Amino acid sequence: MSDNRRLPPNQALLPSDRWPIVGERAPRSGSDPWRVEIIGCVRHPRTWDLADLRARPCRELVTDIHCVTRWSKFDVRFFGFPLAELLDEAGILPEARYLSFEARSDRDHSTSLPVGTALELNAFVAFEADGKPLSPDRGGPIRLVVPGRYFYKSLKWLHRIAVLDEDRLGYWEGRSGYHNNADPWREERYIIVSTDHNKVRRMVASRNLSGQDLLGLVADRMDLGGLDARDAVLRNASFIATDLSGADFAGANLSNARLLGARLTGARLRGADLEGADFRGADLRGADLTGASLFGASFVPEPGQDDGWGAARMDDATRIDDGQRAALSDVQRAFLEARRGGPGDQ
Ligand SMILES: Nc1nc2c(c(=O)[nH]1)N[C@H]1C(S)=C(S)[C@@H](COP(=O)(O)O)O[C@H]1N2
Ligand SMILES: [Mo]
């Protein structure tokens, strides 16, 4: 299959040597031995030591990874065994409909899947990726890998499987509006959240959104020059063709925000989370993106992406760290490289 057909909509392919760490970076510390348990609607609730799990025959799973923040990687090689083995050993009862996977992490991170989906997709329990044991930041010693869903369904630091008759929304699905089905081919990234329109209107009118949580805000084609949005949570917000000249988004979360054709001249985006943000057609002259996180961000159309938006505009005063360029897809990086070399461009 060509890379284009193999890439779900609005994802960009990362080079094979790049793999961002997303979300939590370490399991909860503690010296008690690692165990995985299964509880709930099962005939035999049980606990496995890590050594028990490692001792079973392992196999390889080669799969593509698609992160909700718009980067993908092809052919990642995991080593481990199918989750179905654990379910079989525990004996799923007829009323079991959902699996809630819980992590051994400080915030008790979790995610869930219908039992049938987990089996159909061949959910996998992995110890190794690309020939090496999973490092702690990647979910080592043991993580879940769910092919065919955004990677947030692939829980790091698997600790407990609760088998349930009703769904229990996961950490991000429950509090951050991530879509519970997470099918990348249907772009099930976020649910639409209803915001309090009057409140939003007031904040937008005062041009002050600083520190506010406005996931999914839609503010297309507005005049918001000079907006103060420092530290605001604007994940998945839409600012299509909006005037944001001189706006201050320092420290804001704009991951997956749609900034297509936005006027961002002289805007401050320092230290912002811009993962998956779409800047195609935006005017970024004089904008400061230093220290911003750019995994999956786009400035220029990827091959086959022909919805009419062209490249972002930048000038010598546009600032993007060299270090952050490494987080971009080849196409995005080449675009930024091509416009380098002017004095002061860095
Ligand atoms: N326990 C736990 N699992 C998690 C996360 C997390 O924050 N905590 N993040 C999820 C998301 S959004 C992604 S993209 C992948 C990232 O895995 P990686 O850091 O190995 O790339 O882990 C998923 N599993
Ligand atoms: Mo993700």
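How many Å² does the accessible surface of the protein chain come to, and what percentage belongs to carbon and sulfur atoms? The accessible surface is about 14,900 Å², and 47% of this area belongs to carbon and sulfur atoms. Accessible areas were computed by the Shrake-Rupley method with a 1.4 Å probe, and for residues only the protein chains shown count as cover. The model is predicted: local features need pLDDT of at least 70 and side-chain atom pairs count only at pLDDT 80 or more, while totals for chains, interfaces and linings use all residues. Residues are numbered from 1 along each chain as its sequence is written, chains are lettered from A and ligands numbered from 1 in the order in which they are written, and side-chain values use heavy atoms, with hydrogens and water left out.

The secondary structure of the protein chain consists of 8 helices and 11 strands. These elements are DSSP runs numbered from the N terminus, with helices (H or I) of at least four residues and strands (E) of at least two. The radius of gyration of the chain is 22 Å, close to the 20 Å given by the globule rule for 346 residues, so the chain is as compact as a globular protein of that length. The radius is taken over C-alpha atoms, and the globule rule is 2.2 Å times the number of residues to the power 0.38. Along the principal axes, the C-alpha atoms fill a box of roughly 65 × 45 × 40 Å.

Of the 346 residues in the protein chain, 54% are buried. Buried means under 20% relative accessible area, exposed means over 50%, and partly exposed lies in between (1.4 Å probe, protein chains only). Among contacts with a separation of 6 or more, 51% involve residues 24 or more positions apart; a contact means heavy atoms within 4.5 Å. The chain carries 47 positive and 51 negative side chains, and the centres of the two sets lie 2 Å apart. In this count Lys and Arg are positive and Asp and Glu negative, while His and the chain ends are not counted. The place of a charge is NZ of Lys, CZ of Arg, CG of Asp or CD of Glu.

In soluble globular proteins, nonpolar side chains tend to be buried together. A nonpolar core is here a set of buried Ala, Val, Leu, Ile, Met, Phe, Trp, Tyr and Cys residues joined through side-chain atoms within 4.5 Å. The largest such core has 44 residues, and those with the most contacts inside it are L234, F249 and F299. Two or more residues of this core come from each of α6 (197-206) and α8 (330-338), and α6 gives the largest share, 3 residues. Beyond residues up to four places away in sequence, L234 touches L209, L214, L217, A229, F239, F249, N253, L254 and A257. A second, separate core has 31 residues, including I38, A103, V115 and F127.

Some backbone features stand out for description. G140 and P141 are joined by a cis peptide bond with omega of about 10 degrees, and P141 is placed in the loop between β9 (132-133) and β10 (143-145). R221, not a glycine, has a positive phi of about 55 degrees. N256 is likewise not a glycine and has a positive phi of about 65 degrees. R221 lies in the loop between α6 and α7 (322-325), as N256 does. R221 is exposed at 59% relative accessible area, whereas N256 is buried at 0%.

The loop between α6 and α7 also holds Q305 and P301. Q305 is buried, with 18% relative accessibility, and P301 is partly exposed at 24%. Leaving aside residues up to four places away in sequence, Q305 touches N10, R280 and V300. Its C-alpha atom is 9.8 Å from that of Q11, although Q305 and Q11 are 294 residues apart in sequence. With the neighbours within four places again left aside, P301 is in contact with R280, W309, G310, A311 and V331.

Two further residues belong to other parts of the chain. I65, in strand β4 (residues 59-66), is buried at 1% relative accessibility. Apart from residues up to four places away in sequence, I65 touches W19, W71, S72, K73, V76, F78 and F151. D17, in the loop between β1 (12-13) and β2 (35-40), is exposed at 62% relative accessibility.
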